[in-house]
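Thanks for coming. I will go through one structure today, starting with its disulfides and then moving to its strands and the overall picture.

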Amino acid sequence: MNAPLHLALAFVVVAGGSLVAGCTPGSDACTVSCGIPYGFATFNLSCSATDLTHVTVSGPCATDDGPSYYVAGQSISINSASAGVCHVELTFATGFTYSTAVTFESQSAPKPPVCCPLLTAPTQSTFTVNNPSTTCVDAEVDAGTDG
């Protein structure tokens, strides 16, 4: 098979979301065909609007490529591209601090191990923060109330 046709067929297979036989684990083709190669540790807060000011991660969760976490409403999701123990610290404007260690391990991928046989996932996937009510911000408060 000539190279241009081979590349065109590979693109069609990857774009279709199928597993690509023979791709190298960790390659862009592998990520596209197998999905995200890691799982998330989710931190559930006591309220949806908080005065959370900082999310700090260290260990394998800390990357130079950008944050390894995202905040969505009442939860914070943290991932790690490699196995190991991540230290997570949540800091709120009121001074309340929550910290814990999250262990990430390499685990078998849920899809057939044609392309991505392993993924990195936390050994505990859900954490309850129980931040005090003083860290909760009432989204309905109107700063300019009359009388």
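A search of the whole structure, which is a predicted model, turns up 2 disulfides. For anyone new to the term, a disulfide is a covalent bond between the sulfur atoms of two cysteines.

Take Cys47 and Cys136. Their sulfur atoms are 2.0 Å apart, and the two form a disulfide. This pair links distant parts of the chain, 89 residues apart. Cys47 sits in the loop between E1 and strand E2, residues 52-58, while Cys136 is in the segment after strand E8, residues 126-128. The torsion about the S-S bond of Cys47 and Cys136 is about -100 degrees, so this disulfide is left-handed. Are these two cysteines buried or exposed? Cys47 has 12% relative accessibility and the cut-off for buried is under 20%, so Cys47 counts as buried. Cys136, with a relative accessible area of 29%, is partly exposed.

The other disulfide joins Cys61 to Cys86, with 2.0 Å from S to S. Here the angle about the S-S bond is 95 degrees, and the link of Cys61 and Cys86 is right-handed. Cys61 lies in the loop between E2 and E3, and Cys86 lies in strand E5, residues 84-92, so the pair ties together parts that are 25 residues apart in sequence. Cys61 is at 0% relative accessibility and counts as buried. Cys86 is also buried, at 0% relative accessibility.

Now to the strands, and to E4 in particular. Strand E4 covers residues 75-78. Which strands pair with E4? One is E1, residues 41-44, which runs antiparallel to E4 and is joined to it by 4 bridges. E3 and E4 form a hairpin with 2 residues between them, and Gly73 in the turn has a positive phi of about 60 degrees.

What about the faces of this strand? In a regular strand the side chains alternate between the two faces of the sheet. In E4, Ser75 and Ser77 are on one side and Ile76 and Ile78 are on the other. All four are buried, and both faces of E4 are covered.

Read along the sequence, the pattern is α-α-β-β-β-β-β-β-β-β. Of the 147 residues, 29% count as buried. Among contacts with a separation of 6 or more, 60% are between residues 24 or more positions apart. The protein exposes about 8700 Å², and carbon and sulfur atoms supply 56% of that area.

Last, the confidence of the prediction. The average pLDDT is 73, and 60% of the residues score at least 70. Where does pLDDT stay under 50? One stretch is residues 1-22, for which the model has 18 contacts beyond four places in sequence. Another is residues 140-147, where pLDDT also stays under 50 and the model has 0 contacts beyond four places in sequence.

That is what I have for today.

Notes
Residues are numbered from 1 along each chain as its sequence is written. This is a predicted model: local features need pLDDT of at least 70, side-chain atom pairs count only at pLDDT 80 or more; totals for chains, interfaces and linings use all residues. Side-chain values use heavy atoms; hydrogens and water are left out. Buried means under 20% relative accessible area, exposed over 50%, partly exposed in between (1.4 Å probe, protein chains only). Two strands pair if DSSP finds at least two bridges between them. A disulfide is a pair of cysteine sulfur atoms within 2.5 Å. pLDDT is the predictor's confidence in each residue, from 0 to 100. Contact means heavy atoms within 4.5 Å. Accessible areas come from the Shrake-Rupley method with a 1.4 Å probe; for residues, only the protein chains shown count as cover.
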